[in-house]
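Here is a short briefing to read alongside the model. Have the sequence and the 3D view open, and let's walk through them together.

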Amino acid sequence: MDRTERLWLVTLIAIAVAFNALTLAPLVPWQRWLVLSRPNVDRRVEIEIADYAFRLPSEGIEVKAGEFVEFVATSRDVTYGLGAFREDGTMVFQMQVLPGYENRLVWRFDTPGVYDIRSTEYSGPRHSDMFVDDAIRVLP
Ligand SMILES: [Cu+2]
């Protein structure tokens, strides 16, 4: 490794360290609760996935905008994805759902409305069927 390569390497490492320090710093307003706080969960939603199908709570998923919702997803067979999508198809959040674990994600919906659920991880030949229309209702 010659001097120029070493200089580039040190520069890239310095940029990576500075970028991570800046974007994870609690001085960034949106990072404060993401990194440092453990919000009190207002509602817990359990979702089981097996054989390419979501098993949602029988009473449906109804939450209020602004409350912290903990999604706990389990898989009985393979790795799936759990994603929430707006009506225009844009994604709100997604998580991997590994078999043998309680996969957790805490989310706060800001906007009332209805959201779809899809698998966001290719899980096999029936993956594309894993779509639940209007699965989450967020009330004002
Ligand atoms: Cu899938």
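The protein is divided into domain 1, residues 3-34, and domain 2, residues 38-139.

**Layout and confidence**

- Between the C-alpha centres of domain 1 and domain 2 there is a distance of 32 Å.
- Across the protein the mean pLDDT is 92, with 95% of the residues at 70 or more.
- Confidence is lowest in helix α2 (residues 32-36), where the mean is 61, and it is highest in strand β8, at 98.
- A word of caution for any such stretch: where pLDDT is low, the predicted coordinates should not be read in detail.

- Strand β3 (residues 61-64) runs parallel to β9 (residues 131-139), and 4 bridges link the pair.
- Strand β8 (residues 113-118) is antiparallel to β9, with 5 bridges between them.

**The four-stranded sheet**

- Another open sheet has 4 strands, ordered β2-β1-β4-β7, again with mixed pairing.
- Its edge strands are β2 (53-55) and β7 (103-108), each of which pairs on one side only.
- Neighbouring strands here are turned against each other by 25 degrees on average, direction ignored.
- Strands β1 and β4 are parallel and share 7 bridges; in β4, F71 is the bridge partner of V45.

**The nonpolar core**

- Which residues have the most contacts inside the largest nonpolar core? They are A73, L82 and I136, in a core of 15 residues.
- Two or more core residues come from each of β1 (43-50), β3, β4 (68-75), β5 (80-85), β8 and β9.
- Strand β5 gives the largest share, 3 residues.
- Leaving aside residues up to four places away in sequence, I136 touches I61, V63, A84, V114, Y115 and I117.
- As background, nonpolar side chains tend to be buried together in soluble globular proteins.

**A closer look at V72**

- V72 lies in strand β4.
- Is V72 buried, exposed or partly exposed? It counts as partly exposed, because it has 16 C-beta neighbours inside 10 Å, whereas a buried residue would need 20 or more.
- Beyond residues up to four places away in sequence, V72 touches R44, E46, E102 and R104.
- The C-alpha atoms of V72 and E48 are separated by 8.4 Å, although the two residues are 24 apart along the chain.
- When you inspect this strand, recall that side chains in a regular strand alternate between the two faces of the sheet.

Conventions:
Residues are numbered from 1 along each chain as its sequence is written. This is a predicted model: local features need pLDDT of at least 70, side-chain atom pairs count only at pLDDT 80 or more; totals for chains, interfaces and linings use all residues. Domain bounds come from an automatic or database domain assignment. Two strands pair if DSSP finds at least two bridges between them. A nonpolar core is a set of buried Ala, Val, Leu, Ile, Met, Phe, Trp, Tyr and Cys residues joined through C-beta atoms within 7 Å. A residue is buried if 20 or more other C-beta atoms lie within 10 Å of its own, exposed if 12 or fewer, and partly exposed in between; C-beta atoms are placed from the backbone. Two residues are in contact if their C-beta atoms, placed from the backbone, lie within 7 Å. pLDDT is the predictor's confidence in each residue, from 0 to 100. Axes are lines fitted to C-alpha atoms, for helices over the stretch in contact, and angles run from 0 to 180 degrees between N-to-C directions.
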